[in-house]
Amino acid sequence: MNLTEKIALDCGVKVSEPYLDRYFLPVKNDNYIIIDTRNRNESGEYDYFTDVLDLIKDDLRNANIDVFQLATDKSVKLACDRCYISINKKQENYLISKSKLLVSNENYTLYVASVFNVKSVGLYSLFNPKNTRPIWNQKSQIILESDREGNFPSYGNSKE
């Protein structure tokens with residue numbers, strides 16, 4: 001059972017379409033994708049965002065698509081057009097709602113993208129995406145799960 005459905009069941013309510021508030025945040029180019037490199041669990045961070053960006057940056061430039069990063073102070077900074085570290089959640093919601101694509105570790109920004117029906121790529125490693133993926137607009141989501149060679153997810157903070 002998905003976590004959202006489980007919480008709704010425990011609370012005795014039905015899952016409905018959520019509403020998220022947004023605050024305007026000016027950007028130069030309305031044609032952009034977002035890469036969210038943050039993760040609550042350090043062992044769940046994807047280590048190859050820099051390599052992936054190097055592979056696609058020429059195609060993005062040719063299509064006039066900017067790349068924005070959502071990061072923390074400790075995150076590896078990507079060679080992108082803009083890195084956001086200290087904006088509030090409503091400004092993040094605005095950026096995500098206007099983006100062409102969100103690429104993220106298993107993170108709440110995947111939920112935000114699903115609410116606004118923004119295409120997203122979710123990178124899952126610690127948790128089973130069947131239990132934790134967003135339930136809204138699933139046709140707009142691509143879920144990539146690490147190969148565990150038949151093992152279950154770790155469900156924890158252990159270094160792997």
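**Notes on the model**

1. The backbone oxygen of V76 lies 2.9 Å from a polar atom of the side chain of Q69, and that side chain also reaches the backbone nitrogen of L78 at 2.9 Å. Both are polar contacts, a term used here for a pair of N or O atoms within 3.5 Å in which, within protein, one atom must be able to donate a hydrogen and the other to accept it, and for which residues adjacent in sequence count only if both atoms are side-chain atoms.

2. The model is predicted, so local features need pLDDT of at least 70 and side-chain atom pairs count only at pLDDT 80 or more, while totals for chains, interfaces and linings use all residues. Residues are numbered from 1 along each chain as its sequence is written, and side-chain values use heavy atoms, with hydrogens and water left out.

3. Q69 belongs to strand 2 (residues 66-70), where strands (E, at least two residues) and helices (H or I, at least four) are DSSP runs numbered from the N terminus. With a relative accessible area of 0%, Q69 is buried (buried means under 20%, exposed over 50%, partly exposed in between, with a 1.4 Å probe and protein chains only). Leaving aside residues up to four places away in sequence, Q69 touches I35, T37, V76, K77, L78, C80, R82, C83 and Y84, contact meaning heavy atoms within 4.5 Å.

4. Helix 3 (residues 89-98) is mostly covered, seven of its ten residues being buried, namely Q91, E92, N93, Y94, L95, I96 and S97. The cover over these residues includes strand 1 (32-36), strand 2, strand 3 (82-84) and helix 4 (108-115). At the start of helix 3, a side-chain oxygen of N88 comes to within 3.0 Å of the backbone nitrogen of K90.

5. There are five aromatic pairs in the structure, and Y46 and Y48 form one that is edge-to-face, at 5.8 Å centre to centre with 70° between the planes. Rings of Phe, Tyr and Trp (its six-membered ring) pair if their centres lie within 6.5 Å, planes under 30 degrees apart counting as stacked, over 60 as edge-to-face and the rest as tilted. Ring pairs also link Y32, F68 and Y84 into a cluster.

6. Which residues make the nonpolar surface patch of about 470 Å²? Y46, Y48, V52, L55 and I56 do; V52, from helix 2 (residues 49-62), is partly exposed at 34%, as are Y46 at 33% and Y48 at 47%. Patch residues have over 30% relative accessible area and no salt bridge, with like charges joined within 9 Å and nonpolar side chains (Val, Leu, Ile, Met, Phe, Trp, Tyr) within 5 Å; a salt bridge is a side-chain nitrogen of Lys or Arg within 4 Å of a carboxyl oxygen of Asp or Glu. Accessible areas come from the Shrake-Rupley method with a 1.4 Å probe, and for residues only the protein chains shown count as cover.
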